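Me: I would like to learn how to read a model like this one, feature by feature. Where do we start?

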Amino acid sequence: MSTRKLGAYRLLERIGQGGMGEVWRAEHESLDSPAAVKLIRPEALGAQNEAERSRLLKRFEREARITASLSSPHTIRLFDFGTAEDGTLYYAMELLDGLDTNSLVSRFGALPPPRAVSLLLQVCDSLAEAHHQGMIHRDIKPANIFACRMGLQYDFVKVLDFGLVKSLARGKDASQLTADNITAGTPAFMAPELALSKLEIGVRTDIYAFGCLAYWLLTGQLVFEGETALETLLGHLNAPAQAPSERLGRPLPPGMDTLILSCLAKTPEQRPASIAAVRSQLAAIPLGGAWTEEDATRWWTAQLPELAKRPQEPTTPSPSQELAATAEGVAVVDPQLSAARERVVLQLRNQFAYSAIGMDEFERRVEAAENAKNQKQLDAVMEGLRPMDTFGHAIALPAPAQPPAARPSTGHALAPTSSANTGQTGIAVFSGFIRRGYWEVPPRLDLFTVMGGAELDFSCAKMDREEVHISVFAFMGGAKLIVPKDMHVTSDIVGILGGVDLPTFDQPPQPGQKRIHLTGFALFGGVGVEIAGAAEEKKKKALPE
């Protein structure tokens, strides 16, 4: 960037850099208080034109406000956000003295159970509030759990990277595997449903990652350690997790193995129902002694004296920005309507958090709620949704698809994943499968092509629903879809050292038009969509008359 100043903050020193941007040590211009400013390049989130950039900015602002509304002391505090002149998105947050738990365990080894539990309980407190507000972190991992000094307290936990980038670029992030681990799910800590790009992402997705985090803190090892990202993902999808005590080679406090393995269940409904339930079980485990503030102070003084002796600088936030200002002054807002609108938005967050609605529907309904002019319009926003309480107890979670079972390397299949679910999974490992002619299209289809190929021809297929979701994982393999002219295809697929070839549609999907929505990624592989008959028409036009 050309400027050294963003909003009220002066950028002083770059302290981190990743696949989506940079993190700078900064200082508030008027208060001289320190902060960390994260810069995000819009193109890293997939914004290719002005319309996408505008939509991205709107979503960024919404997620920033939601993140700033979290008040748990164990959630990173957001001070300010905005857009620089060159289009770079940024947000300012508190600057912390300490180290993340990835570095903590890598440098000093596995933690004793009392200390690990002390840190994990604080993570539970942060996630409990976020889940209550309808936010799913989706990237709980040691690098995002920061142990720091806060005032005179040591081993104070802060949960980082809450939702901003992950919610902004879900299609890209849900599949992107980068060296910098800036993803909406890192392979070593990714729940099976997230690895499959499922729509049913909920609080139990964070609980799975929480189990992976606990495993790391207590053993110093990952649940599944493959030589490649693919091997790691397949472990999460298919392999049973080894008990932490077995991996560690010594017993853990009674109940610890059981709790962690329950968090690591392959299907969400087999995991604890809430992070509050996890916290309750964790707090009840007999540890034979607690990790006290005195223990933490002694450890930090001995092991990290440069941080233990550093005075804690104040982190006063910048003044809040007035969001309802008009050209003439402050807009007049009906307080009753405003309160009702906030209640509707909170209900929509709960619906999204517990997988009752997807991201696109959540955004559409929230936008309608924000623009509602009266109670009747607000009531219309919630039409078609079943009522639920703030913890989602009144609505049954949709049964997610079972992860694909292990198959012989020469085989392939396209079979229902669950009797309670109409989704299907197709696997092509060193082989392939073809669907042509008449076949019934399920509402959701997951394709795995590992050194194999898949071809799906929708020209004569029976497609009952208006929209079908297809997630594709093409690893050194390919997937080809042939669609009729009257069908519309949208895509969030990301090519990672792979290719994605999609037709250009002159118009957005029309009401009643059959649609296919693609998610996933091409990792050393390819995904292509072809309009039926297009190749023949092109050849005819090329022939001389």
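Reply: Start with the surface: the chain exposes about 24,900 Å², and carbon and sulfur atoms supply 52% of that area. Keep in mind that this is a predicted model.

Me: How many helices and strands are there in the chain?

Reply: The chain holds 17 helices and 21 strands. Of its 545 residues, 52% are buried. Taking contacts between residues at least 6 apart in sequence, 66% join residues at least 24 apart.

Me: How do I read the two faces of a strand, and are those of β13 covered or open?

Reply: In a regular strand, side chains alternate between the two faces of the sheet. In β13, Arg-444, Asp-446, Phe-448 and Val-450 are on one side, Leu-445, Leu-447 and Thr-449 on the other, and all are buried.

Me: Which strand is joined to β13 by bridges?

Reply: That is β15, residues 467-475, which runs parallel to β13 and is joined to it by 7 bridges. One place to look is Arg-444, which stands opposite His-469 in β15.

Me: What is the order of the strands in the open sheet that includes β8?

Reply: The order is β7-β8-β9, three strands with antiparallel pairing. β7 (97-100) and β9 (153-159) are at the edges with a single partner strand each, so one side of each has no neighbour in the sheet. On average, neighbouring strands of this sheet are turned by 30 degrees against each other, direction ignored. Between β7 and β8 (residues 145-150) there are 4 bridges; Leu-99 has Ala-147 in β8 as its bridge partner.

Me: Which helix lies across β8 and β9?

Reply: Helix α3 does, running at about 40 degrees to β9. On helices, the general idea is that an α-helix has 3.6 residues a turn, so residues three or four places apart point the same way. As for cover, 15 of the 20 residues of α3 are buried, so "mostly covered" is the reading, given that buried means under 20% relative accessible area.

Me: Is Arg-365 buried or exposed?

Reply: Arg-365 has 15% relative accessibility and counts as buried. Arg-365 sits in helix α15, residues 359-371. A polar atom of its side chain lies 3.1 Å from the backbone oxygen of Glu-383. Beyond neighbours within four places in sequence, Arg-365 is in contact with Leu-348, Val-381, Met-382, Glu-383 and Leu-385.

Me: What is the relative accessible area of Gly-453?

Reply: The value for Gly-453 is 27%, so this residue is partly exposed. Gly-453 is found in strand β14, residues 453-457. Sequence and space can also be set side by side here: Gly-453 and Ala-474 are 21 residues apart in sequence, and their C-alpha atoms are 8.5 Å apart.

Note on methods:
Residues numbered from 1 in each chain as written. Predicted model: local features only at pLDDT ≥ 70, side-chain atom pairs only at ≥ 80, totals over all residues. Heavy atoms only, no water. Buried < 20%, exposed > 50% of the residue type's maximum accessible area, 1.4 Å probe, protein only. Contact = heavy atoms within 4.5 Å. Areas by Shrake-Rupley, 256 points an atom, 1.4 Å probe, with all protein chains shown as cover. Pairing = 2+ DSSP bridges. Polar contact = N/O pair within 3.5 Å; in protein donor to acceptor, adjacent residues only side chain to side chain. Axes fitted to C-alpha atoms, helices over the stretch in contact; angles between N-to-C directions.
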